[in-house]
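Please open the structure in your viewer and keep the selection panel at hand. The stops below go from the ligand to a pair of rings.

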Amino acid sequence: MKVEVVADYEALSERAAAFVLEKVVEQPELVLALPTGNTPIGMYKRLVKAHQEGRADFSRLWPFALDEYANVAPQDEHSFGFFLHRHFIDPVGLTNRFDHLQGNAPDLVTECARYEAAIAAKGGLDLAILGLGVNGHIAFNEPGTPFDSRTHVVSLADSTREANAGYFPDGFRIPNEGISMGIGTVLAAREILVIASGKSKAPIVERIINEEPTTDIPASALKAHPNVLLIVDEEAACVWKR
Ligand code: PGA
């Protein structure tokens, strides 16, 4: 795993956006997995700006969402699908090419199988972009998730539900369950970009870098992948003694 430290959130967003733009130029039909959360917002803003200024052509991408809340409809403004439509998909004109897990599907297990098949039908993920949970989760794969897991229904950790409640001042009750690409699904991507910003991520960033891979830290699975870039800002790197 390659680690890059940049000054702050703005620099992280800039570097992540530049990385993605480079990949899209290399491979216009990139199949990619997209994260939700606060961390990628700056990156998405820059990508949308590049599109608006005619510096990027995203029109042939195949985007997939990493995860979703269970029992929340895609039209619901709290859903991850809604978030991604708003921050990236719709502004760059990918509305009809975007696939995301349907949190309100009648049978979530069937929906997970559909999703794996949809990714496989596009030739598998070329690039998975990941945020990082304070407990080391990637997508909604909480500690204890097997490294070979595929898209599955997950129980959300209390720390995840508390962290995510902060996104919704309207008091939206975070579901107990989610659906998520598995760690195995993510590891099957040809390349992986992880972004982490701020002091709250510093302890887990240190553990990911310094400890042996363990299912206690889902992101540590990435160390076995040959092509991973972890970009952190100075605050997220402050516990890691370089
Ligand atoms: P954040 O979420 O970007 O809002 O910190 C990351 C995550 O939980 O995966």
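What follows is a short tour of selections, with the criteria given along the way. This is a predicted model, in which local features need pLDDT of at least 70 and side-chain atom pairs count only at pLDDT 80 or more, while totals for chains, interfaces and linings use all residues. Residues are numbered from 1 along each chain as its sequence is written, and side-chain values use heavy atoms, with hydrogens and water left out.

Next, display the polar contacts (pairs of N or O atoms within 3.5 Å). A side-chain N or O atom of Lys-201 is 2.5 Å from an oxygen atom of the ligand, a polar side-chain atom of His-137 lies 2.7 Å from a ligand oxygen, and a polar backbone atom of Asn-38 is 2.8 Å from an oxygen atom of the ligand. The protein buries 84% of the 280 Å² that the ligand exposes when taken alone (Shrake-Rupley method, 1.4 Å probe).

Finally, select Tyr-69 and Phe-140, whose ring centres are 5.8 Å apart with planes at 40 degrees, so the pair is tilted (centres within 6.5 Å; under 30 degrees is stacked, over 60 edge-to-face, the rest tilted). The whole structure holds 9 aromatic pairs.

Terms used
Polar contact = N/O pair within 3.5 Å; in protein donor to acceptor, adjacent residues only side chain to side chain. Phe/Tyr/Trp six-rings, centres within 6.5 Å; stacked < 30°, edge-to-face > 60°.
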